[in-house]
Amino acid sequence: MNYPLIWNIAQSLSLARWKQTLVAAVGVMFSITMFIALLGFMNGLNDLLDSLVLNRTPHVRLFNEIKANENQPILLDNRYQKYHNFIRSIKPNGKNAQIANSAAIISTLKKDKRVLGISPKMIAQVFFNVGETDVTGVVNGIDVEAEARLFSFSDYVTEGSYIDLKNIPNSIILGKGLADKMLANIGDVVQVTTAKGDRFPLKVVGYFQSGLGEIDKVQSYTSLKTAQKLIGQSNAYVTDIQIKLHDLNMAPSVSKEYAQIFSTDAEDIQTANAQFETGSSLRSLISYAVGITLLIVAGFGIYNILNMLIYEKMDTIAILKATGFSGSDVKKIFITIAISIGILGGCTGLFFGFLLSLLIDNVPFKTAALPTISTYPVNYDLKYYLIGITFSLITTYLAGLFPARKASKIDPVDIIRGK
Amino acid sequence: MLLEAKHINKSFHDPVTVPILKDVSIEIPQGQFTSIVGKSGCGKSTLLYILSTMDTDYEGELWIDGTKLTGKTEAELARVRNEKIGFVFQFHYLLNEFSVLQNVMLPGLKLGKISPQELEHRAIGHLRKLGMDDKALKKANQLSGGEKQRVAIARALINDPLIIMGDEPTGNLDKKNTEVVFDIFRQLSEEYKQSLLIVTHDPNFAGRTQRIIEMEDGRVIQ
């Protein structure tokens, strides 16, 4: 078929009504622009919220849950093996939160090729003494460098320097909420009372803000050594081993494996943060739904404008058919018009969508809950641009198809004789 | 025989069945200038649209240039119209979006047998023959009625059709332009042996053609 001729006629027809063509193209452009900006913004937000939690969550966490022993005496007795035994009032056994033989576990983990890094940790419940008042709090003893490298600890230390935690003995970084409650400034010394009643002075070297206010009101960080000293334990005392893997998706299987080998409890990131995954995918779903709705509305615009064009150009269609253009030629002409509108509107829409994303990306956005960002987050993934252009072509094609089919079925005799 | 219609019957079915053409058979030989005359509503235009392949809703057989066209697909018939039939209508039917030259070239571009350059050369030739070559680059809607009809004739000629068909080509023109158009038809007939089949209700026009087919009440009476 003679495509340059089809193209030539399509061009002349759409230029003859260039205002309407422009309106249709602007409709597509607007919807693609919004689609790109909306998805970019929404996914930027998703990434931010994910990183807020997921970046700081170990892929696998080894710990000891305080719970009753699974092997109760009656289960070991041969006589009752075949019975279903009901046991009441069981208490947790003497096993404490400490991970036994932690040094050996850590050295084994370091040899595992799937492991990116390990950060041991211990958690202690304490009271902060402020004058007459005691504030309950939690001290996390961390390996400062590993924590910073694996879980971006440094990002959340908003004032002071995280590395001071390691360099200054008996130092502490307080949650911003906790520090506010205690009226503690950097350089001040706070008094800490442990669960066993020992009292310790610790020097405040910084504040951290996690983005989750409730956490900031109770949590504080010290180096692992300081925390061990605080509760009078040896340097083998560790309550958590946080593991970051090379591949996040392996976490569930690795977690099961470690739980068995090291006979501790193990939790993988997918289990720990299932609700965040759900939230992210729901937000994506909503933004896709809105974006595609916009495109469909633009599609109806094109449909209307092409329909109008066909009514106006009945004579032209009739004469084309009378002089030897077949129905399928006429259909191709109108589909060419529709697709051209789609390409034109789609490409300018991508461009303006990118500009709008840039604009959003530069809007100041400061909130106490999110210390690491200063402007609205935007995701510039090429994927959204590809989806946008694909959908604009599909909707304009469909919007053009029905009017084009109608045009192809016009009977020239009706038009020519009806005059 | 250039064009043969055998036992053509056609009825309109809206809202009641009204027979329009009753067992019409005609033959048009190569090179003849024929006119179809008859009163309004006698079916002469309906017959022309069947002969032109645009109307396919009829009984009987239509042969053009030794090929049976009855029962062919819409696309095949479009090709036949493009290649073998030239049209001139009462209301000119030029495409207003295009220039005069483009209007003339369009059926030739569709046929695609010769290069656009050659086609343009040929289109200018036809326009010159009809005294329209100086208007070639004007838009179609800038022309007068008589001028439009001359451009329509040039368009009908572009693919060297076997036959030119006209439905009241002078019906909308004043006396002077009617003469101009008739002279063009006669010239095409005499100098180029072009076959013409023209529906008209102008007895003066019909009287000067080589053969008159007279219709009445859906039948050919002479």
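A:Lys331 lies in helix H15 of chain A, in a model that is predicted. The residue is buried, because 20 other C-beta atoms lie within 10 Å and a count of 20 or more is what qualifies a residue as buried. Leaving aside residues up to four places away in sequence, A:Lys331 touches A:Ala404, A:Arg405, A:Ala407 and A:Ser408. A:Gly400 is 69 residues from A:Lys331 along the chain, and the C-alpha atoms of the two are separated by 9.1 Å.

**Chain A: helices and domains**

Helix H15 of chain A, residues 327-361, also takes part in a helix pair. Its axis and that of helix H2 of chain A, residues 18-54, come within 6 Å and cross at roughly 40 degrees. The crossing in which H2(A) passes H15(A) is right-handed. In the contact of H2(A) with H15(A), 17 residues are nonpolar and 12 are polar, while no charged residue takes part.

At the level of domains, the assignment for chain A gives two. Domain 1 consists of 3-54 + 276-418, and domain 2 consists of 60-68 + 94-269. Their C-alpha centres lie 52 Å apart.

Another residue of chain A, A:Val290, is found in helix H13, which covers residues 274-312. A:Val290 is partly exposed, with 14 other C-beta atoms within 10 Å. Between A:Val290 and A:Leu22 there are 268 residues of separation in sequence and 24 Å in space, C-alpha to C-alpha.

**Where the two chains meet**

How many residues of chain B are in contact with chain A? The contact brings together 22 residues of chain B and 21 residues of chain A. On the side of chain B that touches chain A, the elements that give two or more residues are helix H1 (44-51), H2 and H3 of chain B. H2(B) gives the most to this side, with six residues. By class, the residues of this side of chain B divide into 13 nonpolar, three polar and six charged.

Helix H2 of chain B, residues 74-84, has as its buried residues B:Leu77, B:Ala78, B:Arg81, B:Asn82 and B:Lys84. Their packing partners come from both chains: helix H14 (314-322) of chain A, together with strand S4 (59-64), strand S6 (85-88) and helix H3 (100-111) of chain B.

**Inside chain B**

Helix H3 of chain B also packs within its own chain. The axes of H3(B) and helix H5 of chain B, residues 145-157, come within 7 Å and cross at roughly 30 degrees. H3(B) and H5(B) are therefore roughly parallel to each other, because angles under 35 degrees fall into that class. H3(B) passes H5(B) in a right-handed crossing. Which residues form this contact of H3(B) with H5(B)? From H3(B) come B:Val100, B:Asn103, B:Val104 and B:Pro107, and these meet B:Val151, B:Ala154 and B:Arg155 in H5(B). By class, the contact of H3(B) with H5(B) has five nonpolar residues, one polar and one charged.

B:Asp65 lies in the loop between S4 and strand S5 (67-68) of chain B. B:Glu168 is found in the loop between strand S7 (163-167) and helix H6 (175-192) of chain B. Is each of these residues buried, partly exposed or exposed? B:Asp65 is partly exposed, with 15 other C-beta atoms within 10 Å, whereas B:Glu168 is buried, with 20 other C-beta atoms within 10 Å.

A further residue of chain B, B:His121, has its place in helix H4, residues 116-129. B:His121 counts as exposed because it has 11 C-beta neighbours inside 10 Å, and 12 or fewer is the condition for that class. B:His121 and B:Ala156 are 35 residues apart along the chain, and their C-alpha atoms are separated by 16 Å.

Key. Residues numbered from 1 in each chain as written. Chains lettered and ligands numbered in written order. Predicted model: local features only at pLDDT ≥ 70, side-chain atom pairs only at ≥ 80, totals over all residues. Domains from an automatic or database assignment. Axes fitted to C-alpha atoms, helices over the stretch in contact; angles between N-to-C directions. Helix = DSSP H or I, 4+ residues; strand = E, 2+ residues; numbered from the N terminus. Left-handed = near helix turned anticlockwise from the far one by under 90°. Nonpolar A, V, L, I, M, F, W, Y, C, P; charged D, E, K, R; others polar. Contact = placed C-beta atoms within 7 Å. Parallel < 35°, antiparallel > 145°, perpendicular 65-115°, else oblique.
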